[in-house]
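Good morning, and thank you for joining this group meeting. Please look at the sequence and the model on the screen while I speak.

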Amino acid sequence: SSGINAEYGYLVGLGLGDVKDITVKGLEVVRSCDQVFLEAYTSLLISSETSELESYYNKKIQIADREVVESGCECILGPAKEHNVAFLVVGDPLGATTHTDLILRAVERGIPYKVKEIDWTKMVRGQKVYEPPQYMSVNTAVQQILEHLKEKGDEDGDVLSEDSLAVGVARLGSDKQTIISGTLKQLADTEFGEPLHSLCIVGKLHALEADMLRHFAVDKSVIPVL
């Protein structure tokens, strides 16, 4: 969506896939703004580079990394006092507390403003150096769950086990999206490719939901016939 409308500022969600996933209203907002910033560390646009965004929006885009967003935001909030400024976020514009904090900072300044990981070794030396963004994969998430179950033994067995059904999703909404269902044990060894990934644990199924999971299953026999 186009996010929160302010007199001089806009928080704009871009969707997850490519440059054309933005809403019509969001696109109109971006093209109307004097300055455009792209938040570039909590997520990434799966199928489009910054240059493609600039070409499609017909706007110069300034990259806002973690230091820019979290260390005062002056280059974003300053211009918003007098000009139209758009802050672009991949996915949900309020999906991270960092973005909520940006709005609160704007409010504190009287502006109606509608994870690169830190290298801690260098931080203790007074150097603000950020490592490249890292994104959890379906495989890592499943492996962590299975390790937890192994440590707990039968304690959580009635809730979750290696035979519990789940769905792994990668690059949803793009031309390269992948959806695979199966048991946790099966998904642990399934290749999902590049980010972004999501993992959904399956609860009680309706018959149609079971049919749909079977369509994407590693092994159709593990999906119950309801």
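This is a predicted model: local features need pLDDT of at least 70, side-chain atom pairs count only at pLDDT 80 or more; totals for chains, interfaces and linings use all residues.

How many bridges join β6 to β8, and do these strands run parallel or antiparallel? Five bridges join the two strands, and they run antiparallel. Residues are numbered from 1 along each chain as its sequence is written, and side-chain values use heavy atoms, with hydrogens and water left out.

Two terms are needed at once. Helices (H or I, at least four residues) and strands (E, at least two) are DSSP runs, numbered from the N terminus. Two strands pair if DSSP finds at least two bridges between them. In general, strands of a sheet pair through backbone hydrogen bonds, either parallel or antiparallel.

Let us stay with the sheet that holds β6. Its three strands have the order β7-β6-β8, the sheet is open, and the pairing is antiparallel. β7 and β8 stand at the edges with a single partner strand each, so one side of each has no neighbour in the sheet. On average, neighbouring strands of this sheet are turned by 20° against each other, direction ignored; here axes are lines fitted to C-alpha atoms, for helices over the stretch in contact, and angles run from 0 to 180 degrees between N-to-C directions. As one example of the pairing, V169 stands opposite S198 in β8.

A pocket is found on a 1 Å grid over the protein atoms alone: it is an open set of points where a 1.4 Å probe fits, with protein on both sides within 12 Å along at least five of seven lines, and lining residues have an atom within 4 Å of a point. Grid points are joined across faces, edges and corners, and a volume is the space filled by probe spheres set on the points. The second largest pocket has a volume of about 190 Å³. β8 gives the most to its lining, with three residues. The lining divides into eight nonpolar, two polar and one charged, where Ala, Val, Leu, Ile, Met, Phe, Trp, Tyr, Cys and Pro count as nonpolar, Asp, Glu, Lys and Arg as charged, and the others, Gly among them, as polar.

R171, in the loop between β6 and β7, has a phi near 55°, a positive value in a residue other than glycine. R171 is buried, with a relative accessible area of 7%; buried means under 20%, exposed over 50%, and partly exposed in between (1.4 Å probe, protein chains only). L196 lies in the loop between α8 and β8, and a cis peptide bond joins P195 and L196, with omega about 5°.

What is the volume of the largest pocket? About 220 Å³ of space lies in it. Of the 13 residues that line the largest pocket, the closest to its centre are L38, L44, L45, S48 and T50. β3 (35-39) and α2 (50-57) each supply at least two residues of this lining.

I turn now to strand β2, residues 9-13, where five of five residues are buried. Five bridges join β2 to β5 (residues 85-89), and these two strands run parallel. In β5, F87 is the bridge partner of L11. V85, also in strand β5, is buried at 0% relative accessible area. V85 and Y10 are 75 residues apart in sequence, yet 6.3 Å apart in space, C-alpha to C-alpha.

Finally, the charged pairs. Side chains of opposite charge can pair when their charged atoms come close. A salt bridge is a side-chain nitrogen of Lys or Arg within 4 Å of a carboxyl oxygen of Asp or Glu, and the whole structure has four. In one of them, the closest N and O atoms of K176 and E194 are 3.6 Å apart. This pair links distant parts of the chain, 18 residues apart. Another joins R214 and D211 at 2.8 Å, N to O. Both residues lie in helix α9 (residues 207-215), three residues apart, about one turn of the helix. R214 is buried at 17%, whereas D211 is partly exposed at 41%.
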